[in-house]
Amino acid sequence: MKVLHLDTNHELLIDQLNALGFENHEDYTSSKTEIEAKMHEYDGIVLRSRFTIDKTFLDAASHLKFIGRVGAGLENIDCDYAESKGVFLVSAPEGNRNAVGEHALGMLLSLFNKLNKADAEVRAGKWLREANRGIELDGRTVGLIGYGNMGKAFAKKLRGFDVEVLCYDIKDGVGDDNAKQVSLAEFQDKVDVVSLHTPQTPLTLNMIDRNFINQVKKPFWLINTARGKSVVTQDLVAALQSGKILGAGLDVLEYEKASFETLFSTELPEAFKYLIEAENVLLTPHVAGWTVESKEKLAQTIVDKIKAKFC
C-alpha cells in the first residue's frame, strides 16, 4: 500500500512502515488542493493537524483505506463520512497520555505555589516571601471531566497526594481505584479543582461557560490540557476577576488555529490580553502531550495499529 505523510513525525514511523512493506511518500509543503489532486494514488495518509480531512478530500481519496492521526483526537477528520466509506481511522491517545498527566500535575502545583510569579519577581530583584505563600494540594478534591486515556493518566499521578479524585464522564462505569465516578451535580458540589480531559465534540464546545462556573459550589482552580474551545474565555476571565475561579492553567486556547502552529491571525482578543497579564494564570503553547518520549510513543502507536489491521 502507498502511504502519504503530510506532517513530519518520529523517523521510526516511516522506517517501520517501510520494513512492513508499505511504500511511503512525503509531502510537507503542498497545498490542500494539490494534495487532493493526487490522493487517488494513495491507500493511506498519516498526519497531525495540517489539514481538515473533509468530504471533498475524502471523495478525492478514492482508494483510501486508512488515516493515521499522530495525536490523541480525530476532530480534524470528518469521522462519520470517512467510516461510511470504509476508511479505518487511527489515533494515538495512548502515546501521549503520560505526558499530559505530568503536564497537568505540573501546572496545578505551579499555580498552587505561585512558581511562575515568584520566579519572575526574583529575576526582577524582588524577594517577596509572604506574597508568594502557597497552598497545599493535600486535602483537596480534584475533579476530572472526561475519564479516558488522559483523565486516567492524571488520576494516576495524583495517587501520591492525599486528595479525593472525582470524575465525570458521559460514559457509565469508567471510574476505577484512582477516581470515583459521580454525577455532574455531585461533581460541582465537591470539587476544588476542575481539570478537562475531553475531546472536541459538539458536547464539549463551550462546555465551561458562565452557567457551568456558577453551578460549581466553591471557588475553584481550572486546568485545561484538552481542547481550547471547551472553555468560553470571556466567561473564564469574568470568573477570574470575581474570584470564582482562583487560577487557571491553560495549555490550550479557544483562539488556536486548527494547525496549532500559530496562535492568532488578527489582533489579540481582549480576554486573552487579560490572561497574559494575570498572575494567577499559567499559559503553555499546546505542549502538554509534546515531550521527547511522547513523540516516539505516538509514532509507535500508529505503526502498531496499522500493522494489527493490515499485516
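A crossing is called left-handed if the near helix is turned anticlockwise from the far one by less than a right angle, and right-handed if clockwise. I noted this first, before looking up how two helices of the chain pack.

**Entry 1, ground rules.** I am working from a predicted model, in which local features need pLDDT of at least 70 and side-chain atom pairs count only at pLDDT 80 or more, while totals for chains, interfaces and linings use all residues. Residues are numbered from 1 along each chain as its sequence is written, and side-chain values use heavy atoms, with hydrogens and water left out.

I find 12 helices and 12 strands in the protein chain, where helices (H or I, at least four residues) and strands (E, at least two) are DSSP runs numbered from the N terminus. The radius of gyration is 21 Å, close to the 19 Å that the globule rule gives for 311 residues, so the chain is as compact as a globular protein of that length; the radius is taken over C-alpha atoms, and the rule is 2.2 Å times the number of residues to the power 0.38. Along its principal axes the C-alpha trace spans about 65 × 45 × 35 Å. Buried residues (under 20% relative accessible area, with exposed over 50% and partly exposed in between, for a 1.4 Å probe and protein chains only) make up 48% of the 311 residues. I also noted that 60% of the contacts (heavy atoms within 4.5 Å) between residues at least 6 apart in sequence join residues at least 24 apart.

I looked up helix α1 (residues 11-19) against helix α12 (residues 292-310), and their axes come within 8 Å and cross at roughly 25 degrees. The axes are lines fitted to C-alpha atoms over the stretch in contact, with angles from 0 to 180 degrees between N-to-C directions. The angle makes α1 roughly parallel to α12, a term for angles under 35 degrees. The crossing of α1 and α12 is right-handed. On the α1 side Leu12, Leu13, Gln16 and Leu17 make the contact, and on the α12 side Glu296, Ala299, Gln300, Ile302, Val303 and Ile306.

Which residue lies in the loop between α5 (93-112) and α6 (115-123)? I find Lys114 there, with a positive phi of about 55 degrees although it is not a glycine, and partly exposed at a relative accessible area of 30%. Asn206, in the loop between β9 (193-196) and α9 (210-215), has a positive phi of about 60 degrees, although it is not a glycine either, and is partly exposed at 42%.

Key. Angles under 35 degrees count as roughly parallel, over 145 as roughly antiparallel, 65 to 115 as roughly perpendicular and the rest as oblique.
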